[in-house]
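Have a look at the sequence and the 3D view, then read on.

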Amino acid sequence: MDRSLPNILVTGTPGTGKTTTSEMIAEATGLEHVNVGDIVKSKQLHEGYLEEFDTHVLDEDKLLDELEEMLKDGGKVVDFHTCEIFPERWFDLVLVLRADTSSLYDRMPCRGYNKRKIDENMECEIMQVVLETAHESYAPEIVVELPSNTVDDMESNVDRVKQWLEAWKVNNSK
Ligand code: DAT
């Protein structure tokens, strides 16, 4: 893809801070935040809801068509809890947010998740599922693991992205 601005994927277990961090990145850089979960719901890009797992079954084809159009010119910060469904070529940087068990556990109740979903998310984080999936799905040099336990962590993560973006612009100027 030839784009004048990069696309960044912010991924991680639910509750690790993807939406908050993506909004902060958008604010600090002028890139546009794309909240995939919200798009799935608002455009009904799912094939129904699984009550037992408290989750929507994605209509992947429709979702990818929708996102391809949004991402083609670059300049997007895409926030989603899974990363393997997207084509590798879409992203220039993949951030995997990580939270300690205690930080993450404290954030779960405010999400209104049932016990099963909380246990599932905690296990997902402990077993580093999203990090491993990101490593399997993208080139190693674009995958960056970032701690997201405190507000200071979030601020320093946003600063790193700002610096990365400046370097990207220099390296990709025509
Ligand atoms: P996600 O989009 O990964 O599901 P979120 O951004 O909605 O997560 O954050 C969930 C809650 O946790 C929200 O109340 C903000 C808080 N939070 C997230 N990351 C944090 C951090 N690094 N420090 C403090 N609070 C954080």
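A polar contact here is a pair of N or O atoms within 3.5 Å; inside the protein, one of them must be able to donate a hydrogen and the other to accept it, and residues adjacent in sequence count only if both atoms are side-chain atoms. Keep in mind that this is a predicted model, where local features need pLDDT of at least 70 and side-chain atom pairs count only at pLDDT 80 or more, while totals for chains, interfaces and linings use all residues. Residues are numbered from 1 along each chain as its sequence is written, and side-chain values use heavy atoms, with hydrogens and water left out.

An N or O atom in the side chain of Thr-20 is 2.5 Å from one of the ligand's oxygen atoms. Ser-148 uses its side chain instead, placing an N or O atom 3.0 Å from a nitrogen atom of the ligand. On its own the ligand has 550 Å² of accessible area, and the protein covers 78% of that (areas come from the Shrake-Rupley method with a 1.4 Å probe).

Now step back to the whole shell. In total, 15 residues surround the ligand, and Gly-15, Lys-18, Thr-19, Thr-20 and Arg-111 are the closest (a residue counts as near if one of its heavy atoms lies within 4 Å). Which element gives the largest share of this shell? That's α1, with three residues (helices are DSSP runs of H or I with at least four residues, strands are runs of E with at least two, and both are numbered from the N terminus). Both α1 (18-29) and α7 (151-171) supply at least two residues each.

Next, the space itself. The ligand takes up the largest pocket, which holds about 1,000 Å³ of space. A pocket is an open set of points on a 1 Å grid over the protein atoms alone, where a 1.4 Å probe fits, with protein on both sides within 12 Å along at least five of seven lines; lining residues have an atom within 4 Å of a point. A molecule sits in a pocket if more than half of its atoms lie within 2 Å of its grid points. The volume is the space filled by probe spheres set on those points, which are joined across faces, edges and corners. This pocket is lined by 37 residues, with Pro-14, Phe-80, His-81, Tyr-113 and Lys-117 nearest its centre.
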